[in-house]
Amino acid sequence: MELQAEEQGGALVVHVLQDRIDAASAIRFKDRMRDVTQGGLRRVVLDLSQVAFLDSSGLGAVVAVRKALGPDRALELAGLTPTVQKVFRLTRMDTIFRIHDSLSDGLRDAG
Amino acid sequence: MPGDKRPIRDGPCPAALQLTIPGHAEAVSAGLRALLDACVMRNLPDEGRGTAELVLAEVLNNIVEHAYARHSGEIEVTLSRDATGILCEIADTGLPMPQDAPPAGTLPALDGDDLPEGGFGWHLIRSLARDLEYRREGGRNLLRFRLEN
């Protein structure tokens, strides 16, 4: 699971450089996210613009990452592709996560 | 499931595809790619392809995780194309579904303090697939459903 993390506008931006977060890769995604989010930045923005496919295991992994960050840190999502968006909408997880249309929108909202 | 499950081979793009996938996670990933690349799927619009991939992934992963929780086996997938969509027939020799029926797929409660990390699979399947039927027959689970165009 390839992730690239960088600080941008006071937030930790994590780009997922892989086209799927699925049953076969969900655990590696969780492990890698734990590694890259170890710094103290309060806001984490997950750039999903390259992820064409996410199944219920992938969704569970994203939820687990949010929970692992704890109540004082935020996990926001940006750049959902159509199928990924559909999973968040059908499971109503779009009401739980702050979702930005694009990464630049997400960083602008940070002020 | 019809008695004759041979794929129809009429011309360069067959209207049906039959694929046997070993019932473990890595094989399912590769099998899904093969199913999505199959000719029978090629005419689906992008949105339909995404939906098809999602439903098939959830169904196949459930079989690996639950039906083949105690023993290994194969998954037989038959996809048949017609004017309005794709008929999917999926068979395995794993454990039967609980109460001999597919789960209701009720969406788990989204409690902000303790969000569920699972329990979404059947909700997605039931939201996206049409005419879902399940039978247990001769030690096999037979699931069939339609994916609309």
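Predicted model: local features only at pLDDT ≥ 70, side-chain atom pairs only at ≥ 80, totals over all residues.
View 1. Along its principal axes, the C-alpha trace of chain B spans about 55 × 35 × 30 Å. Buried residues account for 33% of the 149 residues in the chain.

**View 2. The elements of chain B.** Here we've got three helices and five strands. Start at the N terminus and the elements run β-α-α-β-β-α-β-β. Take the contacts in chain B between residues at least 6 apart in sequence: 65% of them join residues at least 24 apart.

**View 3. Helix α1 against helix α2 in chain B.** The axes of α1(B), residues 25–37, and α2(B), residues 46–67, come within 10 Å and cross at roughly 155 degrees. The two helices are therefore roughly antiparallel to each other, and their crossing is right-handed. On the α1(B) side, look for B:Ala25, B:Val28, B:Gly31, B:Leu32, B:Leu35 and B:Leu36. They meet a set in α2(B) that includes B:Arg49, B:Glu53, B:Leu56 and B:Leu60. By class, the residues of this helix contact come out as nine nonpolar, two polar and two charged.

**View 4. Where chain A touches chain B.** Chain A puts 20 residues into the contact and chain B puts in 21. On the chain A side, the elements giving two or more residues are α2 (56–69) and α3 (82–90). The largest share of that side, seven residues, comes from α2(A). As for its make-up, the chain A side has ten nonpolar, five polar and five charged residues.

Technical notes
Residues numbered from 1 in each chain as written. Chains lettered and ligands numbered in written order. Contact = placed C-beta atoms within 7 Å. Helix = DSSP H or I, 4+ residues; strand = E, 2+ residues; numbered from the N terminus. Nonpolar A, V, L, I, M, F, W, Y, C, P; charged D, E, K, R; others polar. Axes fitted to C-alpha atoms, helices over the stretch in contact; angles between N-to-C directions. Parallel < 35°, antiparallel > 145°, perpendicular 65-115°, else oblique. Left-handed = near helix turned anticlockwise from the far one by under 90°. Buried ≥ 20, exposed ≤ 12 C-beta atoms within 10 Å, placed from the backbone.
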